[in-house]
Amino acid sequence: MKAFADLKPATPSRLHDQRTAALLGIGLGVTFSVCFVTGLISHLLQNPQPWFAWPSRPVNLYRFTQGLHVMTGIASIPLLLAKLWVVYPKFWTWPPAKSVTHALERMSLLPLVGGSLFLLYTGVLNIAYWYTPMPFSFPHAHYWAAWLTIGALVVHIGAKIAITRQAVFTRVTPGDVQEPAVAAGQLSRRGFLLTVVAASATLLLSVLGQTVRPLSRLAVLGARRPGVGPQGLPVNKSAAEAGIRDAALDPGWRLVVDSKGVAKGSWSLAELAAMPQRRARLPIACVEGWSQSAEWEGVPLRELLHLAGARVRTVRVESLEQQGLYRTSVVHRRLVADRDTLVALRLDGEPLDLDHGYPVRLIAPNRPGVLQTKWLSRITLS
Ligand code: HEM
Ligand code: HEM
Ligand SMILES: Nc1nc2c(c(=O)[nH]1)N[C@H]1C(S)=C(S)[C@@H](COP(=O)(O)O)O[C@H]1N2
Ligand SMILES: [Mo]
């Protein structure tokens, strides 16, 4: 118990203590770890690596991991603000460092705090589709900030694990010397932590509505709402924005399968529509935080490869769109093999709206929305 006496708050408010800092720290440790893992999954899907095998099922898995990413990120905001408020008196302790190790550990607070704030700031701007205050590439900046922050967090946990154990597991009873009674008008630790959790829950409700329909009216923070858009589905980039209207409506449009510049097959929309069609209920799970399922109908991609005389293999699909980051995507062999990976002609029983990818688009299970390429023109065999 002697060591615990050292835990006494040195500042007037009893909330600036180690126990509160440790409890909020544990909360942040959990949310940041979940964010890091789910963020890496998203990164690896968009920047495939040979050692990373992502299954094509369950169809909603990516929808779930990316939803979790955004949720845990949002929930971190009140936790982080509360934590910084609890520990700020420590910033001006004197002398600033007791030893070289301590000095290094304190220096790692800069990337820890700076990186955390940067991740939450850029993440929120991203899901709000508000890029003006981010004059840099969001994925790159957010990705490298994540590594920096997690590195600093590992150092921080190493430095604070002993205090955390002690502060969390030492039993205290109100009225102890170590745990002064709550004075009238003072917020108790429990009251403070409950307020922080309530703030997190309120923020969560404001984004959950982007995916969970009954909550859609609460989605004040989200830029897209389920059910709002042509054919009742949100649109990320419209045909007009992509500049493909004329090419998409051209009656001479054909979908080409080629290999090393040589055409292996090509079909008009009428020819594709005359082939056996397959239906699948699949989500669009946008990396930017919204998602919605729909009933898609079209020709399985592997069927077209078969008609072009090719085995199941990794392919690249290309859009009519001339520019833009999302004009092309790679479809891994594992996904090509899935019978629900479609070159889709119809959505919820109607021909695709121009904004949803008319004449045909790719739709595949368990895949980020950015890779569900619209307005297809070409499929290239690797
Ligand atoms: C994003 C995550 C986190 C941030 C930004 C953060 C930030 C900080 C800062 C700035 C301090 C004050 C500097 C110092 O005392 O040296 C601090 C103290 C502390 N943190 Fe964290 N922290 C985070 C996560 C964690 C985690 C995961 C734990 C638990 C394992 C933790 C436990 C503590 C403890 C016990 C203290 C000492 C409080 C005291 O001595 O009064 N923190 N944290
Ligand atoms: C409010 C908090 C956050 C929000 C709203 C948010 C949002 C997002 C979004 C929308 C993406 C997808 C971007 C894209 O791939 O185009 C993303 C990716 C990512 N996030 Fe976050 N994020 C938050 C916090 C965090 C935190 C705390 C970490 C790490 C500890 C993190 C790590 C990552 C990583 C590694 C990626 C992958 C980046 C890439 O594609 O290269 N995020 N985040
Ligand atoms: N060619 C092309 N395809 C694209 C995009 C794009 O900008 N260009 N945006 C992608 C993104 S980010 C998402 S979330 C989905 C959204 O599909 P939807 O607009 O039909 O809902 O389309 C994807 N396909
Ligand atoms: Mo998206």
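Which atom of ligand 1 is 2.8 Å from an N or O atom in the side chain of H156? A nitrogen atom. Keep in mind throughout that this is a predicted model. Here are my notes, site by site.

1. Helices around ligand 1. Staying with that H156 contact to a ligand nitrogen, look at what surrounds the ligand. The elements that each give two or more residues to the shell around ligand 1 are α2 (18-46), α3 (61-87), α5 (109-127) and α6 (138-169). Helix α2 supplies the largest share, seven residues.

2. Nearest residues at ligand 1. There are 22 residues around this ligand, and those that come nearest are G25, K83, K90, H156 and K160. Sorted by class, the shell holds twelve nonpolar, six polar and four charged residues.

3. K83 has a polar side-chain atom 2.5 Å from a nitrogen atom of ligand 1.

4. The faces of α4. Helix α4 covers residues 100-107, and H102, E105 and R106 are buried in it. Viewed down the helix axis, the buried residues of α4 sit within an arc of 100°, so they line one face of the helix. V100, T101, L104 and M107 are on the other side of α4, and they are exposed.

5. Polar contacts at ligand 3. Three residues to check here are N236, S319 and R361. A polar backbone atom of N236 is 3.1 Å from an oxygen atom of ligand 3. S319 uses its side chain, with a polar atom 3.2 Å from a nitrogen atom of the ligand. R361 also brings in a polar side-chain atom, 2.7 Å from an oxygen atom of ligand 3. How much of ligand 3 does the protein cover? On its own the ligand has 530 Å² of accessible area, and the protein covers 99% of that.

6. The shell of ligand 3. This ligand has 18 residues around it, with P234, E321, H356, R361 and K374 coming nearest. By class, eight of the shell residues are nonpolar, six are polar and four are charged. R361 is one of the nearest residues as well as a polar contact through its side chain.

Conventions: Residues numbered from 1 in each chain as written. Chains lettered and ligands numbered in written order. Predicted model: local features only at pLDDT ≥ 70, side-chain atom pairs only at ≥ 80, totals over all residues. Heavy atoms only, no water. Near = heavy atom within 4 Å. Polar contact = N/O pair within 3.5 Å; in protein donor to acceptor, adjacent residues only side chain to side chain. Helix = DSSP H or I, 4+ residues; strand = E, 2+ residues; numbered from the N terminus. Nonpolar A, V, L, I, M, F, W, Y, C, P; charged D, E, K, R; others polar. Buried < 20%, exposed > 50% of the residue type's maximum accessible area, 1.4 Å probe, protein only. Arc of directions from axis to C-beta. Areas by Shrake-Rupley, 256 points an atom, 1.4 Å probe, with all protein chains shown as cover.
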